[in-house]
Amino acid sequence: MRILVCVKRVPAPGAKINITADGQDVDTAHLGFAMSPHEECAVEEAVQLVERFDGEATVLTLGPPEAEEQLRYASSLGVQNAVLLSTDGSAWDPQGTARAIVSAVQSLEAEDGPFDLILFGNESADSGGYQVGVRVAHALGRPIVNAIKGIEPDFDAGTTRVKREIDGGFEIYDLPLPAVLGVKEGLNLPRYPTMKGRLASKKVGVKVIEAAADAGGQGRVRLRQPPAQASTMVKLGDGPEAAPAIVDLFEELGLLK
Amino acid sequence: MTDILVVAESDADVLSSATLEAITAARSLEGTIHVLLFGSSVDADEAAARVGAFGAEELHVAEHELLGDYGPEAWGQALALAIDDMEPDVVVACGTSKGNEVLAQAAARLDLPFVANCIDLPGELADSDDVVLTRVQWGGSLLEEASLSAETRIVSISHHAVEAESIDGPAATTDTFVPELHDTVARSLCVGREMAEAGVTLSTAPIVFGGGRGVGSADAFAPLEELASLMGGRVGCSRAVTNNGWRPHRDQVGQTGTRIAPELYVASGISGAIQHWVGAMASKKILAINTDPEANMVVKSDYFVQGDLHKVLPAVIDEIKSRRG
Ligand SMILES: Cc1cc2nc3c(=O)[nH]c(=O)nc-3n(C[C@H](O)[C@H](O)[C@H](O)COP(=O)(O)OP(=O)(O)OC[C@H]3O[C@@H](n4cnc5c(N)ncnc54)[C@H](O)[C@@H]3O)c2cc1C
Ligand SMILES: Nc1ncnc2c1ncn2[C@@H]1O[C@H](COP(=O)(O)O)[C@@H](O)[C@H]1O
């Protein structure tokens with residue numbers, strides 16, 4: 001059983017996202033990096049499935065050489081193989097990203113056999129294009145469903161039951177394998193890396209493939225801040241003595257019946 | 001003459017309000033608005049009247065036995081075939097989970113770009129192959145001006161960016177479109193549903209009591225629970241809380257959690273990281289309870305109480321109980 005997880009390296013901003021002077025990127029001078037929480041859950045799911053069913057998991061990212069950090073993080077959690085589709089770090093459009101991932105998947109599968117499952121995040125944390133996984137699945141001729149919050153595969157039968165989150169509940173799908181899924185945070189509770197895992201991940205060999213740019217029809221002109229909302233904060237008080245003022249507010253807003 | 005094709009979504013046999021947002025947005029483009037509706041579970045006459053009221057002129061009902069229930073590949077292939085057949089200049093859906101999924105499916109099949117979650121549709125979109133669109137990034141914390149070059153422009157409009165507004169137009173004319181779907185799309189059809197019990201949810205509650213890392217433990221959420229039950233609200237939380245396993249993820253507010261829009265959001269012990277803020281910013285009013293007056297949640301709030309939430313919240317419970325007598 002083989003699983004592939006696709007993750008994207010993104011900055012991890014705090015209270016505000018600053019933009020570089022040329023408007024082309026998020027200013028990452030003082031920021032750490034992460035992957036989307038959706039993708040962290042995809043990694044966790046892959047590790048759990050390998051623990052349950054045996055087999056191996058591979059994590060893949062398209063990005064600058066520094067994205068190795070996210071690959072090593074995934075290995076520290078228990079993913080066996082890591083693949084970096086190396087770029088110069090500029091923003092790639094969704095079609096270009098998908099094309100590069102498709103050709104990498106094809107060559108990885110030609111070498112070591114097909115992936116039973118390929119997991120994507122429902123959307124990337126930064127650009128949120130809602131499409132790379134769908135494009136990859138279509139190019140590979142495999143089914144994909146997004147917004148997945150439950151996966152119950154039956155590798156012997158060659159199928160998987162998945163649950164998609166909708167308003168007020170779930171939809172159920174029964175997909176034939178190999179399949180592709182776009183997953184959401186809440187699918188599981190990702191583990192933290194152990195010291196042993198962290199040390200082991202330093203030794204994992206990362207397979208580096210030079211990604212060939214083949215851009216699609218969407219480009220970045222610039223980033224900008226949304227219009228600022230005027231702040232009109234009123235301090236109601238300090239500590240428990242503020243309780244009457246808080247309850248007055250509830251009454252004023254008609255919330256206390 | 002420009003043709004704009006709006007992709008309809010339905011919600012338990014009724015046309016969803018998200019569709020009406022997409023039609024309203026499409027009215028900013030000069031051209032004829034067509035609506036594509038999948039399957040026959042929605043009453044076509046009712047749908048024609050409804051989309052007509054919002055400005056659509058033609059309703060095309062896609063009929064096929066594989067379009068009975070939702071299936072991303074079935075809907076995506078039907079849309080791709082409709083685009084081939086009708087040759088619209090612009091294709092629009094509301095950027096809901098399914099709206100974005102169906103557009104991505106169709107765009108993948110046609111190898112066309114798809115620009116997700118635009119905040120408006122500029123007039124040039126109707127008549128130029130090369131346009132600049134403004135779209136949301138980081139779940140709404142940042143905007144991107146994105147160029148789009150394509151003969152058929154496929155875009156979604158960010159959910160709630162445009163308010164659906166009727167113009168009391170006449171019913172749309174109706175016809176059926178019969179796509180020749182491939183059997184393989186049957187593999188990803190929805191086969192059933194599991195619905196939770198009805199009641200107020202995080203996204204519909206009039207008041208949400210949100211707790212963050214400052215709450216400190218799963219048990220320490222008890223006062224927030226009590227307040228929520230006293231006032232008919234719900235408990236929400238930050239990702240620090242779900243990551244610690246103190247609350248289930250369905251309680252998480254934010255970019256990768258739920259977007260809330262209560263009358264009042266009471267955020268206790270939450271610093272207000274941008275990814276949390278985007279899930280909370282649609283709240284009508286925000287009350288922040290925090291020891292740190294500089295916290296982002298506090299600075300952006302409407303009301304602030306400085307102090308230890310473990311002392312403030314029990315005092316609020318006592319005050320409510322004493323006023324109720
Ligand atoms: C791509 C991405 C997506 C994300 N999505 C989400 C999301 O959907 N939702 C989300 O919430 N986060 C999300 N995050 C995480 C986010 O960046 C923050 O890490 C998280 O919101 C912090 O949670 P917090 O405010 O509870 O914790 P902290 O930032 O640690 O803040 C704790 C606050 O509690 C206050 N406090 C401490 N003790 C007390 C006390 N006794 N009384 C009163 N106040 C006290 C402190 O002053 C502080 O302000 C995401 C991150 C990334 C990178
Ligand atoms: N540069 C990338 N490298 C690897 N995977 C990616 C990359 N960009 C997007 N993805 C994957 O595709 C998903 C959807 O991305 P998007 O279409 O940008 O919303 C993400 O959650 C990732 O799983």
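The legends below describe close-up views of a predicted model. Local features are reported at pLDDT of at least 70 and side-chain atom pairs only at pLDDT 80 or more, whereas totals for chains, interfaces and linings use all residues; side-chain values use heavy atoms, with hydrogens and water left out. Residues are numbered from 1 along each chain as its sequence is written, and chains are lettered from A and ligands numbered from 1 in the order in which they are written.

**View 1. Ligand 1 lies between chains A and B.** The shell around ligand 1 holds 28 residues, a residue being near a molecule if one of its heavy atoms lies within 4 Å of it. Those that come nearest are B:Arg213, B:Ser238, B:Ser271, B:Gln275 and B:Asn290. By class, the shell divides into 16 polar, eight nonpolar and four charged residues. Here Ala, Val, Leu, Ile, Met, Phe, Trp, Tyr, Cys and Pro count as nonpolar, Asp, Glu, Lys and Arg as charged, and the others, Gly among them, as polar.

**View 2. Backbone atoms of chain B make polar contacts with ligand 1.** A polar contact is a pair of N or O atoms within 3.5 Å; within protein, one must be able to donate a hydrogen and the other to accept it, and residues adjacent in sequence count only if both atoms are side-chain atoms. A nitrogen atom of ligand 1 is 2.8 Å from a backbone N or O atom of B:Val253. Helices (H or I, at least four residues) and strands (E, at least two) are DSSP runs, numbered from the N terminus.

**View 3. Helix α9(B) is crossed by α6(A) and by α5(B).** Axes are lines fitted to C-alpha atoms, for helices over the stretch in contact, and angles run from 0 to 180 degrees between N-to-C directions. The axes of α6(A) (residues 243–252) and α9(B) come within 8 Å and cross at roughly 60 degrees. These two helices are therefore oblique to each other, as angles under 35 degrees count as roughly parallel, over 145 as roughly antiparallel, 65 to 115 as roughly perpendicular and the rest as oblique. The axis of α5(B) (residues 222–231) comes within 9 Å of that of α9(B), with a crossing of roughly 30 degrees. That angle makes α5(B) roughly parallel to α9(B).

View 4. A polar side-chain atom of A:Glu39 is 2.6 Å from an oxygen atom of ligand 2. Polar backbone atoms also take part: that of A:Leu62 lies 2.8 Å from a nitrogen atom of ligand 2, and that of A:Tyr130 lies 2.9 Å from an oxygen atom of ligand 2. Ligand 2 has 480 Å² of accessible area on its own, of which the protein covers 97%.

**View 5. A cis peptide bond joins A:Leu177 and A:Pro178.** Omega is about 0 degrees. A:Pro178 is placed in the loop between β9 (169–176) and β10 (179–183) of chain A.

Conventions
Accessible areas come from the Shrake-Rupley method with a 1.4 Å probe; for residues, only the protein chains shown count as cover.
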